[in-house]
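Please keep the sequence and the structure in view while reading.

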Amino acid sequence: MHEDGNGGGEGAASPGSTPHVEQPGFLALERELTVLLRRARASQGEMARAVHPDLEPSAYGLLVRLDECGRQRATELAAYIGVGKATMSRQLRALEQLGLVAREPDPADGRAWLVALTEEGHERVSRVREARRARYAGRLADWDPAEVGELARLLNQLNRGMEK
């Protein structure tokens, strides 16, 4: 599962096929992840509008990926986000029209294109991400810094497991 909140139910077991899923820990995990994901979807819409009023919420995760990893091929972005080529092409066209991304020829393969944030896109995404981290810091101010680090580690482990 990625920052954009796309998950999906692939790999879900049929009811009754794995008895350990009824354990209190898994029930609590399901409940807490449901709350977290619901809040993340709402927050993603707010962050997208903060980047640009016309930005689709689903495109925010794409911008974050480009901010963190730099320029990439559209096919790499589509695979990371978990969407098809047509959806990615539509999102990239919209982001180009908003002036947030630009495409350039891939020097390693003249048939392919690389997508990168524009300077404006980078500035807008950085400002929104910094504000979000400040909100996290404020809401978790009474946490021990080691607990924040442990939460990040466990969420990373969960996300890696979800990619399998």
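In this predicted model, Asp106 is in contact with Arg73, Ala112, Trp113 and Leu114, when neighbours within four places in sequence are left aside. Asp106 belongs to strand β2, which covers residues 101–106. Is Asp106 buried or exposed? Its relative accessibility is 9%, and buried means under 20%, so Asp106 counts as buried. With Arg73, the side chain of Asp106 forms a polar contact of 2.8 Å.

The wider fold can now be considered. The protein contains six helices and three strands, and along the sequence these elements follow the pattern α-α-β-α-α-β-β-α-α. Of the 164 residues in the protein, 26% are buried. Among contacts with a separation of 6 or more, 53% join residues 24 or more positions apart.

Two packed helices are described by the angle between their axes and the distance between the axes. Helix α2 spans residues 60–69 and helix α3 spans residues 74–81; they pack at an angle of about 120°, and their axes lie 11 Å apart. The two helices α2 and α3 are therefore oblique to each other. The crossing of α2 past α3 is right-handed. On the α2 side, the contact is made by Gly61, Leu62, Arg65 and Leu66, while α3 contributes Leu77, Tyr80 and Ile81. Sorted by class, this contact has five nonpolar residues, one polar residue and one charged residue.

Which residues of α2 are buried? They are Tyr60, Gly61, Leu62, Leu63, Val64 and Leu66.

Just after α2 comes Gly70, which takes a positive phi of about 80°. Gly70 lies in the loop between α2 and β1, the latter being residues 72–73. Gly70 has a relative accessible area of 26% and is partly exposed. Leaving aside neighbours within four places in sequence, Gly70 is in contact with Arg65 and Val115. Gly70 and Val115 are 45 residues apart in sequence, yet their C-alpha atoms are 8.4 Å apart in space.

Definitions and conventions:
Residues are numbered from 1 along each chain as its sequence is written. This is a predicted model: local features need pLDDT of at least 70, side-chain atom pairs count only at pLDDT 80 or more; totals for chains, interfaces and linings use all residues. Side-chain values use heavy atoms; hydrogens and water are left out. Helices (H or I, at least four residues) and strands (E, at least two) are DSSP runs, numbered from the N terminus. Buried means under 20% relative accessible area, exposed over 50%, partly exposed in between (1.4 Å probe, protein chains only). A polar contact is a pair of N or O atoms within 3.5 Å; within protein, one must be able to donate a hydrogen and the other to accept it, and residues adjacent in sequence count only if both atoms are side-chain atoms. Contact means heavy atoms within 4.5 Å. Axes are lines fitted to C-alpha atoms, for helices over the stretch in contact, and angles run from 0 to 180 degrees between N-to-C directions. Angles under 35 degrees count as roughly parallel, over 145 as roughly antiparallel, 65 to 115 as roughly perpendicular and the rest as oblique. A crossing is left-handed if the near helix is turned anticlockwise from the far one by less than a right angle, and right-handed if clockwise. Ala, Val, Leu, Ile, Met, Phe, Trp, Tyr, Cys and Pro count as nonpolar, Asp, Glu, Lys and Arg as charged, and the others, Gly among them, as polar.
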